[in-house]
Amino acid sequence: MNRIQETIGRVVKHVMDRVTGAGLMQEENAPEGERYLNPGMPELIRQAAAESCVLLKNDGVLPLNKEDEVAVFGRCQLDWFYVGYGSGGDVHPAYRRNLMDGLRLAGARVNADMAERYRVWTGEKANAADEGWWGHWPYSHPEMPLDEALVRRAAQTAQTALVVIGRAAGEDRENTLTQGSYYLTELERDMLDAVTSVFSKTVVLFNTGSIMDMAWTEEYGDKLSALLLVWQGGMESGCAAADVLYGAVSPCGRLADTIARYYVDYPSAANFGGKEFNEYKEGVFVGYRYFEAKAPDCVLFPFGFGLSYTGFDAQPVSFAHRETGVEVALKITNTGTRPGKEVAQLWCHAPAEGLEKPLRVLAAFGKTRVLNPGESEIVKLSCTEKDFASFDEAAHCWVLEAGEYLFEANGRQIGSFRLYESKVLESCEPICIDSAALRERISVRLPAATGAAPAVGATLEDVRAGRVSLAAFIAALSPQELEALTRGEGMMNSPFGTPGNTGAFGGVIESLRKKGVRPLITSDGPAGLRLQRFTSLLPCGTALACTWNTALVEALHRKLGEEMGHYGIDVHLAPGMNLHRNPLCGRNFEYYAEDPLLSGKMAAAAVRGVQSTGHASCPKHFACNNQEARRNTNDSRVSERALRELYLRSFEICVKEAKPLTLMTSYNKVNGVWSHYHYDLVTTVLRGEWGWEGTVITDWWMQRSRSPEFPQLRDNAYRVRAGVDVLMPGDMSHTARSYRPDASLLETLGKPDGITRGELERTARRVLQLELALSPGAAD
Ligand code: BGC
């Protein structure tokens, strides 16, 4: 796109935003207000970013010695990617540390000529990093052409070269199989050629949020001494990278994804990017589940992999199989010469007979504290039987099939048990059923109105104080008030909240506010609070998953919860927890992993952290938002088994372990039905089977549609019947000042097959329960 087109696009979008209140362009809004810095947060971010670094290769060059000079190549040493773009980025921290900052602050000896060259070149207007605009962000920045003489000069004093390869992504579009996105550019290759032909020691740093092509690392072979994934580590990224490079932190990150040699090796490669739909033909064989069983030779670096500067031994201590699951203890000893942390991974090999299964699945994981050389720690791990069960589609149940269950931890067999008969763990209702059956299912389960005597004149404060029951308070609400509780205020950047918020729901009309129902303020997520205020910028989701450290992720999110309190934010629109089904998905950086257990546990930790401060998390996007292109219309066609074992499973783990107060549906359809109208996903499974009682909100601006089961119902009525409580940010024709009741919701109230008072009261109860659970707001 040329500059003129870009400028026109920018202006059009800007005008649209002003008119609709859509706020897509918030990234262009500079932060205002005090230069807030949450005490203790930078340290945690730095630790998390350092623990996320995955060392893929090291011939001994790392850790570097501070006495030796390094020459740093690649413009991202300065134009560092701290996070990706879109709603999952766009956080404004008080400061950020790029790699060069990190090296300097660490006291590293950096080749001054090279550093100056990059400083001057990136500072020239023609070369300035272009951040683009919504949906047109850079995948990378064009590299500075390198003159070989300059490289030679640097090599006269510098022993080692650091080469930074940077990649970014953002929502609403995919990464592409092109140079500068998934592949290296010519200039990056030229840079690698020039550097490796002169330096005998070259360390490549990957500053990215998701997996990119790495087949070229094999071509360069021994010319590359070390490969280190440093991810997009948030505001302290550069310092964290320096911590690892110079050995203040021994690398202890492990891959949350399989890195295949070629893109086409990924099992979803042939069924990704479809315009109308994607058949998830690979079924449960996603990530390592596929590669280990079906294509082991295609793996460059496996899931769970990562090197350290020290060595570890893991000895089985105990193994117990009980009714509830498996418990093991593992003694991990640092057998090397440097301090470091080790990740413990428990894997289960289920019997091969019966249903086709992956060779093994991750069943539990944990991480040691920093162990000094010779020091040991007993790590205890536990999992439920469901963590290694299969879903039998024909019988509609979770099952452990008869045979031997073998457990392995850190490469050692740790125990096993045998089942002589198949064991059904849980029988489930079929989901994604046909329209007639769904109509029947919904009809017989319609909720009744509370029937309580209306507490006329009561306020929510009376409910809080126990003077009035919630049922009686709800019974006194008018249909218009009940309607208003089913949708947001109508726009982003609610005047009720701190500027830059993503909208409000709850007390969005005057009469509700008079009854003490306040507007609940939302903010993106996941990389911090996306506000027009100074807030902390966290490492991206992939990076957090690579720490394999749930306690750290929880602590980080407890701090984030404090920031929510500071800025009066009630609901954090995070964590993002869709699985990395395909490496090109534009939002992979926001999400955690290819594996549902790792993803679910990370999300649970994030939710626990935020919610311990009295605010709400909102895990998203439920479910199967695994592609960004045409995300509003695309249909994810998934078998029930893959849904339950993978795409719903990660949410199930999070919901059951951490009880998020809210949850966000996705834009896409799942097996032909938009998620925000999906009764089976939201009501049958999430609430029915999992027993979750929180508030479901939609993603922002949803597709309108008519219910096939109840043709009288359309749009919001269709949604409320499905059990999706709140439309966000609300109908765009409503603003705080010009409220009109939503005709589509109330037009069928009380009519045959129409929306019922009981359904409206059900939604009201969930929204009000959320209000009651939250700490009182405190806008800045
Ligand atoms: C994204 C959500 C986000 C929302 C509000 C949508 O475009 O899909 O993840 O929370 O916008 O910004």
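Trainee: Which side chain meets Asp 113 in a salt bridge?
Mentor: This is a predicted model, in which local features need pLDDT of at least 70 and side-chain atom pairs count only at pLDDT 80 or more, while totals for chains, interfaces and linings use all residues. Residues are numbered from 1 along each chain as its sequence is written, and side-chain values use heavy atoms, with hydrogens and water left out. A salt bridge is a side-chain nitrogen of Lys or Arg within 4 Å of a carboxyl oxygen of Asp or Glu. At 3.1 Å, N to O, the partner of Asp 113 is Arg 153.

Trainee: How many residues apart in sequence are the parts that Asp 113 and Arg 153 tie together?
Mentor: Helices (H or I, at least four residues) and strands (E, at least two) are DSSP runs, numbered from the N terminus. Asp 113 belongs to helix H4 (residues 112-123) and Arg 153 to helix H5 (residues 148-157), so the separation bridged by the pair is 40 residues.

Trainee: What is the relative accessible area of Arg 153?
Mentor: Buried means under 20% relative accessible area, exposed over 50%, and partly exposed in between (1.4 Å probe, protein chains only). Asp 113 is partly exposed at 41%. Arg 153 is also partly exposed, and its value is 43%.

Trainee: Where in the chain is Arg 630, which is paired with Glu 276?
Mentor: The side chains of Glu 276 and Arg 630 form a salt bridge of 3.4 Å, N to O. Glu 276 sits in the loop between strand S7 (259-260) and strand S8 (277-279), 354 residues from its partner. Arg 630 is in the loop between strand S23 (616-617) and strand S24 (635-637).

Trainee: Are Glu 590 and Arg 587 buried or exposed?
Mentor: Their side chains meet in a salt bridge at 2.7 Å, N to O. The two residues also belong to a salt-bridge network with Glu 171, Asp 172, Glu 628 and Arg 631. Glu 590 and Arg 587 are buried.

Trainee: How many salt bridges does the structure hold?
Mentor: Side chains of opposite charge can pair when their charged atoms come close. The total for the structure is 67.

Trainee: How much of the ligand's area does the protein bury?
Mentor: The ligand is surrounded by 15 residues (a heavy atom within 4 Å), the closest being Glu 171, Asp 524, Arg 587, His 621 and Asp 699. A polar side-chain atom of His 621 lies 2.7 Å from a ligand oxygen, and a polar side-chain atom of Asp 699 also lies 2.7 Å from an oxygen atom of the ligand. Taken alone, the ligand exposes 310 Å² (Shrake-Rupley method, 1.4 Å probe), and the share buried by the protein is 97%.

Trainee: Why is helix H19 largely enclosed by the rest of the structure?
Mentor: Among its buried residues are Phe 651, Ile 653 and Val 655. The buried residues pack (heavy atoms within 4.5 Å) against elements including strand S14 (376-384), helix H17 (596-611) and helix H20 (679-689). H19 (residues 649-658) is largely enclosed because the number of its 10 residues that are buried is eight.

Trainee: Which residue follows H19?
Mentor: The residue has a positive phi, near 45 degrees. The residue is Lys 659.

Conventions:
Polar contact = N/O pair within 3.5 Å; in protein donor to acceptor, adjacent residues only side chain to side chain.
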